[in-house]
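Good morning, colleagues. May I ask you to look at the sequence and the model on the screen while I speak?

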Amino acid sequence: MEPTAIKENLESNKIEIKNIFKSFGEKKVLNDINLSVKKNESLVIIGGSGTGKSVLIKLIMGLINPDQGEILIDGEDLCKAKDINMMRRKMGMLFQGGALFDSMTILENVAFGLRQGQNKSKKEAHEIAYEKLNAVELDERVSHLYPSELSGGMQKRAALARAIATNPEIIFFDEPTTGLDPILSGTINNLMKKCVRELGATTITITHDMKSLRNIADTVALIHQGQILWTGSIHEMDNSSNEALKQFISGSPNGPLTQN
Ligand SMILES: Nc1ncnc2c1ncn2[C@@H]1O[C@H](COP(=O)(O)OP(=O)(O)OP(=O)(O)O)[C@@H](O)[C@H]1O
Ligand SMILES: [Mg+2]
């Protein structure tokens, strides 16, 4: 490869994770993770419960620190960043379970990052929040309700509106369709794709929902025992002879993933 081609190749990585280790006490969760995500790519992470998927996302957001390793966002090391808040402002997140603030209305939830992170005036933040609620097809009347007054599907829409409110360059979706019926899951996937396309964002999604995965993934990464066991495209996934991957896709209780 020409040196310039190598340079361009490196530069197109929006996120690069190098040799990440993370333990909680005695418990080793991530054990030498290496992963890169290109600009505008949609990476989907799959893996069993408790394998560290959410922890990995929290590390990339700078919410927790790795024990070892580097996390580069646009080539800049997150752990050594002078202004971590500036790097975080590039990111939006749909937390596992939606996790809206109970005590705030839907409008205040969506406006939160605009007020806190971007110091927008209340008026401006609310104007943008209305726009985003419209983008996820939530009626304006919903904006003054509290999260507990909304159905699960509406809460996910509101959580999506909050995740995209600041027009982030990178968006994390942690199990965006869990608990929704198949039709609503499809609607949320389509909304996610629409919003991501409009923003030109790079995304990392965690899901157990194989239909969702097929709908949104450019690249798939399987995490197991603290390591990335396999990565590839959907096409490569369907033609892979990797036994662990095949077990995960088929949901079989027997195979390498369930051997200790
Ligand atoms: N702050 C923390 N303190 C201690 N242990 C933690 C902490 N956060 C996560 N863990 C542990 O790390 C492991 C991985 O957790 P994580 O939430 O990343 O799993 P996950 O892959 O997202 O699982 P699920 O699919 O069920 O959401 C779990 O054993 C969890 O108990
Ligand atoms: Mg999780």
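First, the conventions. This is a predicted model, in which local features need pLDDT of at least 70, side-chain atom pairs count only at pLDDT 80 or more, and totals for chains, interfaces and linings use all residues. Residues are numbered from 1 along each chain as its sequence is written, chains are lettered from A and ligands numbered from 1 in the order in which they are written, and side-chain values use heavy atoms, with hydrogens and water left out.

Let me begin with the largest pocket, which holds about 560 Å³ of space. A pocket here is an open set of points on a 1 Å grid over the protein atoms alone, where a 1.4 Å probe fits, with protein on both sides within 12 Å along at least five of seven lines; lining residues have an atom within 4 Å of a point. The volume is the space filled by probe spheres set on the points, which are joined across faces, edges and corners. Twenty residues line this largest pocket, and Met 61, Arg 88, Met 91, Phe 112 and Gly 113 are the closest to its centre. Two or more lining residues come from each of α3 (84-88), β6 (91-94), α4 (106-116) and α6 (152-164). Helices (H or I, at least four residues) and strands (E, at least two) are DSSP runs, numbered from the N terminus. By class, this lining has 10 nonpolar, 7 polar and 3 charged residues. In this scheme Ala, Val, Leu, Ile, Met, Phe, Trp, Tyr, Cys and Pro are nonpolar, Asp, Glu, Lys and Arg are charged, and the others, Gly among them, are polar.

The second largest pocket has about 210 Å³ of space. Of its 14 lining residues, Ser 42, Lys 193, Val 196, Thr 203 and Ile 216 are the closest to its centre. Which element gives the most to this lining? It is α7, with 4 residues.

I turn now to β8. Strand β3 (residues 42-46) runs parallel to β8, joined by 4 bridges; strands pair if DSSP finds at least two bridges between them. Ile 45 stands opposite Ile 206. Strand β7 (residues 170-174) is also parallel to β8, with 5 bridges, and Ile 170 faces Thr 202.
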